[in-house]
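Thanks for coming, everyone. I have one model to walk through, and I'll keep it quick. Please look at the screen.

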Amino acid sequence: MEDHPGVLVLHGEPAGVYVYPSFENGMGDRLVVTLDSVGAGRLRRSEEWLRRAARAECDVVDLPVVYQHSFVHVSVLQKIIAVSGGLIHSVFPDYFLAVAVATQVDSYLHCAPGFSLPGTSGLSLGAAGFHPGGNRELERAFKADAEIPYHPAVGEVRSVHIAMGETLLRISECGLLKDAPPIAWDRMVAKAMMQFHTEGWGDAEKEHNVKTLQDLAHSLGCAHILPQDDSSAGLVAWSKQLGFALSPPVATTGCELNGQSLGIKGVDQAAMVAEEMMMLCQDPASKEGSTCQNVLAHSLLTQVQGLRKLAGGLAIEVQSLRDESRRRGQERDRAKLELARLKEKTKNRQGAKVKRQPEVRSRVQSFFHLILAKFR
């Protein structure tokens, strides 16, 4: 922040996440830690990232999410209230506030990895509404008690991609974003469709999710983007024809650990383990002030780094095999081309030979007639 005086928003890319044991569907009791090198902060232009959000080219965590990843000067929040008459105007408060903050500053300072490690549990409203195996009773209670309804043009669709679209609609309607970029609903619908077919939804919930998404697509005029064949092979072929990626490129590398084996009791302990692993990742030789968890983290980190080195070697080997396959393919194509050329040449010669045969026969006959004439 000293390098960027006057900055009002400090945004951190998630340094990982801790999932409490109460999270159902076999996803609980996990710690995911980002192991990328810490870099200097850099400014992100809000206009650019809002445009990316409207085109479904980034996730909400790429924006200044106040709930988990960002520090925001109070004056920015006061400006949101002054312009729109309130702080939150959407059924998705974390999404709304992330976008709203970005609309009120020209840029925000981005750090990766960030300086927070969020925790989520089975009592999370996001988990209840957006994940397979979520607490549906909690979801129903939230919908019944919500003071702000779902946007009538969107309705209730269990997808983070549609949540971003709904948020952008609300942001535009309450006057926080003038000259708002057009919302790429076709992309958001396509990503939501793939989400419903690749996550572990039960048959009944999957059918419900797809039906609500189809209704949304028809009402917004983007039903053409939906796949005609929702089989695995059909979805693969459909995704290749879309012209855009259905998932963002993985820019970070991480390590997923079992919380129970580490003896983690809550997000505070998870954050300490994550911090030790990240610091050791910067300087693996340093063991000063090692605690029991630090030693365990160092052991795990050593294994992870070994696996990453192995993966790097395998990647080089795979690339070498791909290059060799490409070279052989080019040789095969050249051989096929040469064979086709020779076949065409042989065919032309045979055609010329057939054409010459009557002429030769006629000359031979004339020669014999001439000889017979002389003997007579």
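Start with the contacts in the protein chain. Among those between residues at least 6 apart in sequence, 71% join residues at least 24 apart. Contact here means heavy atoms within 4.5 Å.

Now the ground rules. This is a predicted model, where local features need pLDDT of at least 70, side-chain atom pairs count only at pLDDT 80 or more, and totals for chains, interfaces and linings use all residues. Residues are numbered from 1 along each chain as its sequence is written, and side-chain values use heavy atoms, with hydrogens and water left out.

Overall inventory next. The protein chain has 12 helices and 8 strands. Those are DSSP runs, numbered from the N terminus: helices are H or I with at least four residues, strands are E with at least two. The protein chain has 376 residues, and 38% of them are buried. Buried means under 20% relative accessible area, exposed over 50%, partly exposed in between, with a 1.4 Å probe and protein chains only.

On to the core. The largest nonpolar core holds 59 residues. Such a core is a set of buried Ala, Val, Leu, Ile, Met, Phe, Trp, Tyr and Cys residues joined through side-chain atoms within 4.5 Å. Which residues touch the most other members? They are Leu-63, Ile-162, Met-164, Val-189, Leu-213 and Trp-238. Seven helices are listed as giving two or more residues to this core: H1 (46-54), H2 (74-84), H3, H6, H7 (185-198), H8 (203-219) and H9 (232-241). Apart from this core lies another, of 15 residues, including Val-33, Cys-255, Ala-274 and Met-278.

Take Met-164. Leave aside neighbours within four places in sequence, and Met-164 is in contact with Ala-53, Val-60, Leu-63, Tyr-95, Val-99 and Met-188.

Next, a helix pair. H3 covers residues 93-103 and H6 covers 160-173; their axes come within 9 Å and cross at roughly 50°. So H3 is oblique to H6. The axes are lines fitted to C-alpha atoms, for helices over the stretch in contact, and angles run from 0 to 180 degrees between N-to-C directions. Under 35 degrees counts as roughly parallel, over 145 as roughly antiparallel, 65 to 115 as roughly perpendicular, and the rest as oblique. From H3, Tyr-95, Phe-96, Val-99, Ala-100 and Thr-103 take part; from H6, Val-160, Ala-163, Met-164, Thr-167, Leu-168, Arg-170 and Ile-171. That contact divides into 9 nonpolar, 2 polar and 1 charged. For the classes, Ala, Val, Leu, Ile, Met, Phe, Trp, Tyr, Cys and Pro count as nonpolar, Asp, Glu, Lys and Arg as charged, and the others, Gly among them, as polar.

Second pair. H7 and H9 pack at about 155°, axes 12 Å apart. That makes H7 roughly antiparallel to H9. Ala-190, Met-193, Met-194 and His-197 in H7 meet Leu-235, Trp-238 and Ser-239 in H9.

Is His-197 buried or exposed? His-197 counts as buried, because its relative accessibility is 15%. Not counting residues up to four places away in sequence, His-197 touches Lys-206, Val-210, Asp-230 and Leu-235.

Last stop, Glu-256. Glu-256 sits in strand E8, residues 254-258. At 53% relative accessibility, Glu-256 counts as exposed. Beyond its neighbours within four places in sequence, Glu-256 is in contact with Arg-30, Leu-31 and Val-32. Glu-256 and Arg-30 are 226 residues apart in sequence, yet 6.9 Å apart in space, C-alpha to C-alpha.
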